[in-house]
Amino acid sequence: MERRMAEHVANSFIWRFPNPDVIRWGGQENHFSWQAGYIMFAMEHLWLLTGNPDYLSYVRRYVDQNVTKEGEVPGFQPRALDNFLPGYACLLMYEITGEERYAKAAETIRRGFDNYPRNKYGVFHHSSTIPQLWDDGVFMGQIFLARYARTMNHPEDFQEVAKQITGALNLCGMGNGMLYHGWAEKGLASWAKEKDNHSPEAWSEGMGWMAVLLADVIDYLPANMQERNEMVEALKRMCEALAKCQDEKTGMWCQVPDKPGKEGNWNETSGTAMFIYILQKAIDDGYIDEKEYKEVVQRAYQGLLNKVVRNNDGAYNLLECSSIGIKGSYAEYVSQTKEVSTFAAFGSFILAAGIVENRMHRKGVALQDIRLSDPAILADEKTKTYYMTGTGGMIWRSKDLQRWDGPYRVTIFDKDSWMGSHPMVWAAELHQKDGMYYYFATFTNRDVVIDTVKGNAIERRACQVFRADNPMGPYQAFGDSIYLPANRPTLDGTLWRDTDGKPYMVFCGEWLQNWNGTIEKILLKDDFSGTIGEPKVLFRASDSPWSREKDENGQVKWNKVTDGPWLFRTNTGKLGMLWTSWVYDNYTQGVAYSESGGIDGPWVQQMEPVTPPNYGHSMLFRRFDGQWMMSVHSHAHDQQGRTVRTPHLFEVDLSGDKLVVKY
């Protein structure tokens with residue numbers, strides 16, 4: 001079976017249920033509950049991995065069907081943990097749009113915990129009518145509350161999250177990393193064992209909910225929380241236990257997962273997918289060793305694919321699923337009907353296939369641990385979030401400029417355009433205008449050669465603008481098919497609105513073709529959907545007094561490279577432009593100032609670089625506290641001699657006539 005099964009199954013699901021508001025069991029009236037909530041959870045994960053806007057649109061449609069324009073959530077009933085899960089999607093909508101109605105909806109759902117019933121250990125009951133602890137309910141409530149705590153800046157709720165999860169791990173833990181299906185105080189469940197009150201068995205999907213919770217919730221919790229460390233250890237123990245009880249023949253896990261090979265036990269699809277998810281994410285996050293667990297995941301995934309069948313109408317079904325409550329004995333668990341295509345199985349399959357087939361994003365990554373060329377940061381006031389992009393066509397996001405989540409795929413390409421379906425993406429920038437977000441970037445189609453100079457093939461490369469209605473995209477072409485001349489390689493386009501009020505794209509003419517790189521401008525249409533007129537050269541690489549290289553005769557001359565223009569004004573109104581070239585082997589950044597105060601110059605180059613050696617391709621942005629910052633990448637080499645480019649931030653002073661970088 002071909003790859004991209006996550007997308008095939010997700011697309012099939014959307015085809016079956018084009019209206020997400022009908023995702024619920026037959027006869028169930030409440031459509032704001034876990035079935036739809038879990039599908040939205042999975043669709044968000046797949047959107048972040050693939051950048052496909054259909055998945056985000058599906059989530060948004062569901063949320064908008066259930067949240068009024070005033071931010072009310074008529075369908076929310078805080079009588080069961082199952083009903084909290086859709087709040088996770090409401091928080092997503094608030095994060096990417098900044099619309100207060102989504103925040104109000106999330107607040108309403110959060111208040112549902114205020115008087116929610118608990119057991120004697122303070123752990124939430126499964127519902128007001130089921131005074132028991134079930135594994136799945138812990139997931140439903142706490143994945144929402146953890147995201148709420150971070151998104152809405154309520155750090156005190158992290159303690160509640162920790163209390164609920166560690167309490168469930170203690171009460172349901174088998175002591176070897178596996179978990180019983182549930183726990184109940186004496187007399188509150190017919191299945192509770194006299195001695196320790198837990199269910200008689202583990203259940204594949206039930207433990208799977210806790211697996212998915214552990215895989216994701218650790219990303220939300222503060223790094224200095226002791227309980228977070230306990231959860232990391234629980235995650236490791238669970239992964240170790242799962243590896244030991246994997247079905248040797250199929251690679252899957254059984255309905256009663258800790259008893260493979262026991263009479264009557266059978267491979268269960270949804271739980272297997274959930275276990276694949278925790279194992280692969282634990283590998284991606286560095287909690288378990290890839291060499292030790294890679295084969296476990298691969299065997300499990302192949303077994304999972306064997307449970308996928310395609311119907312004559314093209315839709316996909318998932319076989320041998322289970323959706324049950326807690327049972328009284330092993331015999332009752334294994335005698336349950338092998339269901340087809342449950343909602344939980346669809347969500348779990350999308351999670352598992354998505355993470356196996358795509359590179360997983362990470363959370364809480366330190367800036368210095370990110371590898372990224374040409375970093376450009378948008379400080380988005382609407383969402384109070386920093387978004388960082390650059391070369392590669394991905395986005396990272398952060399609330400504090402220190403810890404970042406990502407990378408997320410955010411660009412969609414038209415295979416019939418000049419770029420092709422898989423262009424290289426360089427030096428992207430984010431800009432905002434009238435509630436829309438614009439992605440200025442350089443795209444290269446390596447399959448098309450436009451020129452040959454000095455024996456070098458010149459590939460089709462040019463700057464263009466994409467657009468989206470939120471900073472996380474997806475960004476795609478929206479205007480003219482070509483912005484810059486097709487017979488010239490251009491790069492590093494940036495936006496500048498000049499004294500005449502008109503927007504311009506400022507970009508580089510590639511030195512590989514002209515052997516004396518240029519910085520040029522071209523007028524943009526007011527909505528950035530294309531360009532007007534012809535480009536004009538502002539200055540050339542040979543104008544630099546500080547860049548250096550040696551020619552073929554060993555003579556020192558100006559370096560031919562122009563790279564990364566960025567325009568700014570000081571507080572006194574002086575117009576400057578940062579740009580980057582080389583001083584022999586050192587990547588170096590200089591600055592020029594316009595004598596006229598306008599984009600046409602003339603531009604006067606400063607004698608000395610403005611940053612230390614091997615820092616370049618910068619841009620400026622303002623922190624939310626008002627401090628001007630410069631984002632650059634360091635251009636260094638590791639012990640093997642490989643180039644390593646890491647984002648770096650400098651504070652900048654623009655109070656005088658000239659830019660001053662603090663380092």
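**Salt bridges in a predicted model**

In this predicted model, the count of salt bridges comes to 32.

Reader: What makes the contact of Asp 469 with Arg 60 a salt bridge?

Author: The closest N and O atoms of Asp 469 and Arg 60 are 3.5 Å apart. The cut-off is within 4 Å, from a side-chain nitrogen of Lys or Arg to a carboxyl oxygen of Asp or Glu; the pair therefore counts as a salt bridge. Asp 469 lies in the loop between β12 (456-468) and β13 (476-477) and Arg 60 in helix α3 (residues 53-66), so the pair ties together parts that are 409 residues apart in sequence.

Reader: Why is Asp 469 called partly exposed?

Author: Its relative accessibility is 42%. Buried requires under 20% and exposed over 50%, so a value in between is called partly exposed. Arg 60, at 22%, is also partly exposed.

Reader: How do you know that Asp 600 and Lys 521 meet in a salt bridge?

Author: Their N to O distance is 2.8 Å, and the limit is within 4 Å; the pair therefore qualifies. Asp 600, in the loop between β22 (586-594) and β23 (603-605), and Lys 521, in strand β16 (residues 518-524), are 79 residues apart.

Reader: Why is Lys 521 called buried?

Author: Lys 521 has a relative accessible area of 10%. Buried means under 20%, so Lys 521 is buried. Asp 600, at 38%, is partly exposed.

Reader: Which residues do salt bridges that share partners join into one network?

Author: The network consists of Arg 60, Asp 64, Glu 99, Arg 101 and Asp 469.

Definitions and conventions:
Residues numbered from 1 in each chain as written. Predicted model: local features only at pLDDT ≥ 70, side-chain atom pairs only at ≥ 80, totals over all residues. Heavy atoms only, no water. Helix = DSSP H or I, 4+ residues; strand = E, 2+ residues; numbered from the N terminus. Buried < 20%, exposed > 50% of the residue type's maximum accessible area, 1.4 Å probe, protein only.
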